[in-house]
Amino acid sequence: MDLKTASALRRLRLVSAPEAVSFLVLLLCSVLKRTTDFNGVPVMGAVHGVLFVLYVVFWLDAWNRTKWSFGTAALYFVLSVLPTGGFFAERTLRRESENAVIAARARQEGTVNA
């Protein structure tokens, strides 16, 4: 992988945890809307919507650059629609991103001929 691929993975990783948090907060706001007078759904809905769109855009870019199999790409997409899936995606993507950076730097230094 090159550095652009590693950057695509990093962008996806960096948006996955905030997207998961916003989803959980949106669910909490939804419950509070029905049980109290608090209505944070319009604000959190917009925040979550923006983060979800960013996640999908970054997911498509990462899928295009990494040449993931359909199953791997589908897994990362499904994780984006599960309430806590973004945390799992972030952890997995962190490892994949770090490995991509190490491989790209080794290739640049001529240590690896891959």
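Reader: Is Trp-59 buried or exposed in this structure?

Author: The model is a predicted one, and in it Trp-59 has a relative accessible area of 9%. Buried means a relative accessible area under 20%. By that cut-off, Trp-59 is buried.

Reader: Where in the structure are Trp-59 and Phe-77, and how many residues apart in sequence are the parts that their ring pair ties together?

Author: Trp-59 belongs to helix H2, which covers residues 41–66, whereas Phe-77 belongs to helix H3, which covers residues 70–81.

Reader: Which word describes the geometry of the Trp-59 and Phe-77 rings, given their planes?

Author: A search of the whole structure finds five aromatic pairs. In the pair formed by Trp-59 and Phe-77, the ring centres are 5.1 Å apart and the planes stand at 45°. Planes under 30 degrees apart would count as stacked and those over 60 as edge-to-face, with the rest as tilted. The pair is therefore tilted.

Reader: What is the accessibility class of Phe-77?

Author: The relative accessible area of Phe-77 is 31%. Buried would require a value under 20%, and exposed a value over 50%. Phe-77 falls in between and is therefore partly exposed.

Reader: Which residues do ring pairs link into a cluster?

Author: Trp-59 and Phe-77 form one ring pair, with centres 5.1 Å apart. Ring pairs link these two residues into a cluster with others, and its members are Phe-52, Trp-59, Trp-63, Phe-70 and Phe-77.

Reader: Which residues does Phe-52 touch, not counting those up to four places away in sequence?

Author: Phe-52 lies in helix H2 and counts as partly exposed, at 23% relative accessibility. Its C-alpha atom is separated by 26 Å from that of Thr-35, a residue 17 residues away along the chain. Once residues up to four places away in sequence are set aside, Phe-52 touches Glu-19, Phe-77, Ser-80 and Val-81.

Reader: Is Lys-67, in the loop between H2 and H3, buried or exposed?

Author: Lys-67 has a positive phi of about 60°, although Lys-67 is not a glycine. Its place is the loop that lies between H2 and H3. With 63% relative accessibility, Lys-67 counts as exposed.

Reader: Are H1 and H2 roughly parallel or roughly antiparallel to each other?

Author: Two packed helices are described by the angle between their axes and the distance between the axes. For H1 and H2, that angle is about 155° and the axes are 8 Å apart. Angles over 145 degrees count as roughly antiparallel. H1 and H2 are therefore roughly antiparallel.

Reader: What is the hand of the crossing of H1 and H2, and how many charged residues does their contact hold?

Author: The crossing of H1 and H2 is left-handed. By class, the residues of this contact include 19 nonpolar and seven polar ones, and the number that are charged is six.

Reader: At roughly what angle do the axes of H1 and H4 cross?

Author: Helix H1 spans residues 3–35 and helix H4 spans residues 85–108. Their axes come within 8 Å of each other, and the crossing angle is roughly 165°. That makes H1, relative to H4, roughly antiparallel, at an angle of roughly 165°.

Reader: How many nonpolar residues are in the contact of H1 with H4?

Author: H1 passes H4 in a left-handed crossing. Among the residues of H1 that meet H4 are Leu-9, Leu-12, Ser-16 and Ala-17, while those on the H4 side include Gly-86, Leu-93 and Ala-100. By class, this contact has four polar residues, five charged ones and a nonpolar group numbering 14.

Reader: Which residues are in contact with Gly-86, leaving aside its neighbours within four places in sequence?

Author: Gly-86 has its place in helix H4 and is buried, with a relative accessible area of 1%. Beyond its neighbours within four places in sequence, Gly-86 is in contact with Ser-16, Ala-17, Ala-20 and Leu-79.

Notes:
Residues numbered from 1 in each chain as written. Predicted model: local features only at pLDDT ≥ 70, side-chain atom pairs only at ≥ 80, totals over all residues. Heavy atoms only, no water. Axes fitted to C-alpha atoms, helices over the stretch in contact; angles between N-to-C directions. Helix = DSSP H or I, 4+ residues; strand = E, 2+ residues; numbered from the N terminus. Parallel < 35°, antiparallel > 145°, perpendicular 65-115°, else oblique. Left-handed = near helix turned anticlockwise from the far one by under 90°. Contact = heavy atoms within 4.5 Å. Nonpolar A, V, L, I, M, F, W, Y, C, P; charged D, E, K, R; others polar. Phe/Tyr/Trp six-rings, centres within 6.5 Å; stacked < 30°, edge-to-face > 60°. Buried < 20%, exposed > 50% of the residue type's maximum accessible area, 1.4 Å probe, protein only.
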